[in-house]
Each structure stands twice: as C-alpha cells, then as structure tokens.
Amino acid sequence: MSHIHPSFFAGAEKPENPQPAHRGFLLRLRAYLCDRRGIGGVEFAIIAPILIAAYFTCFELTVGFSFGKRATRAAGTVGDLVAQQSSVNKAFLATMTNAAKSIFAPYDVDGLTTSANNPLNIKITGIQIDDAGVAKTLWSWQRTGGVPYAVNSLVTVPKEMRIKDTFLVRTELTASYPLMLFLPTNFSSQNRAIPMNREIFYQQRTGDKVSCTDC
C-alpha cells in the first residue's frame with residue numbers, strides 16, 4: 001500500500017465555517033454599546049438645557065420678587081407721605097407718582113406695566129371713621145384721572161384699624177410684572193403678567209384728618 005506524503009495536502013484550502021448573519025449583527029451591537037467615545041458630549045447635551053432653563057428661571061423669579069417688594073414699599077411710602085399732611089390737593093397727590101417711581105428704580109415701572117397692558121396706577125383715599133365705627137370715603141384720587149370712589153361710599157377697613165372718630169389714608173397701588181422668559185410669544189400680554197396689587201392704610205399724623213381741597 002502506497003503512502004501519500006503530507007505535503008500533498010499542504011496547498012489545499014480548509015473549508016470556511018460560515019457565521020450566522022445575526023451573530024455578526026450582535027457583535028456590532030455589542031461593540032457599539034461598549035464604545036465610550038463621545039459620552040461626555042452626550043451627557044452635556046442632555047444636562048445643559050436643564051441647567052440653562054433653571055438658571056433663567058431663577059433669574060426671572062429673583063426679578064419678580066424684587067419687583068413685588070418694591071411695589072409694597074412704594075405703596076407704604078406714598079401713604080406715609082400723605083398721612084403726614086394736614087391738607088393736600090391734586091397737584092401734591094400727583095407728585096406721589098414720582099415718589100413711587102423712584103422706589104421702583106432701576107425698573108422702568110411705566111414701561112414694564114404698559115407692556116403688560118396694565119399701566120401703573122395709584123389710588124389714594126381719605127377715609128373718615130365716625131363715632132359708630134363706620135368707615136366712609138371723604139375724598140379720593142387716582143393717577144389715571146377721575147374720582148375712583150364716591151364721597152360717603154362705604155369702605156372696608158381692617159378690624160384692628162376700625163377705631164371710632166379717626167381718619168385713615170388708604171393707598172392702593174396696581175402694577176403688573178410681565179414675564180420675559182419661557183412663555184410662548186402667542187400668549188396674550190395679560191396671561192404673561194403677574195399682577196402686583198398693594199393696599200396699605202395709615203392713620204393721619206397731624207390734626208384730626210387730612211383734607212383735599214380740590215379732589
């Protein structure tokens with residue numbers, strides 16, 4: 001029996017072991033999932049919008065709270081200044097607008113409230129409380145013109161300030177702070193505004209009452 005030398009098969013190609021198609025896909029998927037290149041950029045793209053939104057939201061809230069505090073301080077200052085007088089007139093009351101604006105600085109209170117379709121308005125009312133404890137309007141004035149309350153009309157006064165035979169000065173300040181960020185532009189100006197309404201009472205400082213000569 002003849003023997004075949006092993007070199008006879010040296011040039012013969014071994015048959016390939018075909019790989020299933022799904023196995024190649026799984027290998028590529030595994031390589032993709034294990035790839036960590038660019039992960040920092042993906043994380044930044046996810047977190048950055050949230051951080052930016054939080055930053056501007058805090059900015060909006062800070063400005064809004066500051067605006068609200070100034071509204072309270074402006075109403076109190078106007079009432080205090082009027083309560084120190086024994087007699088006032090429309091010309092004097094009109095100067096209270098400038099006093100309020102100076103407290104709102106650096107905010108352009110007229111510009112802000114006009115864009116909110118609710119211009120800054122100040123109402124000042126002289127209230128007489130009779131010996132029966134009934135509070136009635138003695139005179140009234142408002143920045144936008146006209147007489148806001150009829151003479152002798154009833155006024156709601158806080159219980160602790162309803163003292164017989166006394167006189168009160170009530171200041172009402174109305175302004176709106178328009179939100180500037182994160183609201184669609186098709187929202188109406190009223191829907192984008194935060195109303196700031198303040199009402200403060202002061203007792204007269206001198207005499208029995210504060211009269212208004214031409215209100």
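Before going on, a word on the model: it is predicted, so local features need pLDDT of at least 70 and side-chain atom pairs count only at pLDDT 80 or more, while totals for chains, interfaces and linings use all residues. Residues are numbered from 1 along each chain as its sequence is written, and side-chain values use heavy atoms, with hydrogens and water left out.

Back to the rings. There are three aromatic pairs in the structure; rings of Phe, Tyr and Trp (its six-membered ring) pair if their centres lie within 6.5 Å, and planes under 30 degrees apart count as stacked, over 60 as edge-to-face and the rest as tilted. One of them joins Phe-67 to Phe-104, a tilted pair at 5.1 Å centre to centre with 45° between the planes. It links distant parts of the chain, with Phe-67 in helix α2 (residues 39-83) and Phe-104 in helix α3, 37 residues apart. Helices (H or I, at least four residues) and strands (E, at least two) are DSSP runs, numbered from the N terminus. Put together, ring pairs make a cluster of Phe-67, Phe-104 and Tyr-177.

Now follow the chain past α3 (90-104). The loop between α3 and α4 (109-115) holds Pro-106, and the peptide bond from Ala-105 to Pro-106 is cis, with omega near 15°.

Strand β2 (residues 121-129) and β3 run antiparallel, joined by seven bridges; two strands pair if DSSP finds at least two bridges between them. Thr-125 stands opposite Ser-140 in β3. Five residues separate the two strands of the hairpin, and Gly-133 in the turn has a positive phi of about 80°. Six of the eight residues of β3 (residues 135-142) are buried, so this strand is largely enclosed by the rest of the structure.

The loop between β3 and β4 (166-178) includes Asn-152, a non-glycine residue with a positive phi near 70°. Asn-152 is exposed, at a relative accessible area of 53%. Asp-165 lies in that loop between β3 and β4 too, and its phi is positive at about 55° although it is not a glycine. Asp-165 is exposed, with a relative accessible area of 55%.

Terms used
Buried means under 20% relative accessible area, exposed over 50%, partly exposed in between (1.4 Å probe, protein chains only).
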